[in-house]
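Hello,

Here is the structure I promised to pass on. My notes follow below it.

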Amino acid sequence: ADRELTIGSPRRLLTALGLFAAALVAIITGYLPLTIALTAAALGMVVGNVINLRQAYGAINWPIIVLLGAMLPVGLAFDSSGAARRLANGLLALAGDWPPAASLAVLLAVAMLLSAVVNTSPTTSGLAFR
């Protein structure tokens with residue numbers, strides 16, 4: 001999607017790259033979790049006048065935020081009902097002794113099949129909790 005975000009001057013570009021690099025270093029070293037480091041970098045770009053608040057707010061894809069917020073409880077229900085455990089145990093019984101790449105391929109195939117019935121967000125979040 002075209003976001004119409006422009007960095008502008010080279011100083012702004014260097015500031016944005018520096019903030020992003022600092023966030024990546026904080027994540028890689030384990031100093032900060034991914035969500036906090038990247039949120040801090042985004043806030044730093046607004047505070048550092050790399051982008052203005054209106055541009056930042058306009059760049060948020062709100063339908064995706066609402067979809068994730070609405071579907072994560074479905075994934076939690078998938079987990080708390082025991083369905084995720086049964087599915088994970090079945091996958092382990094089927095592909096547990098296979099090479100990791102083959103086991104991953106089976107997991108992806110099951111996730112794709114489930115997404116035909118249930119949205120991808122609860123499917124992957126339910127499987128991730130296992």
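**What I found**

The face of helix 1 turned away from its buried side carries P10, L14, V25 and I28, which are exposed. Exposed means over 50% relative accessible area, buried under 20%, partly exposed in between (1.4 Å probe, protein chains only). Helices are DSSP runs (H or I, at least four residues), numbered from the N terminus.

A caution on the source: this is a predicted model, where local features need pLDDT of at least 70, side-chain atom pairs count only at pLDDT 80 or more, and totals for chains, interfaces and linings use all residues. Residues are numbered from 1 along each chain as its sequence is written, and side-chain values use heavy atoms, with hydrogens and water left out.

**The buried side**

A16, A23 and A26 are buried in helix 1. They sit on the same side of helix 1 because they cover an arc of only 95° around the axis. The arc is taken from the directions from the helix axis to the C-beta atoms. Helix 2 (34-47) is included in what covers the buried residues of helix 1. Contact here means heavy atoms within 4.5 Å.

N49 lies in the loop between helix 2 and helix 3 (53-58). Its relative accessible area is 44%, so N49 is partly exposed.

**One more residue**

L24 belongs to helix 1. L24 counts as partly exposed, at 36% relative accessibility.

Best wishes

How values were computed
Helix = DSSP H or I, 4+ residues; strand = E, 2+ residues; numbered from the N terminus.
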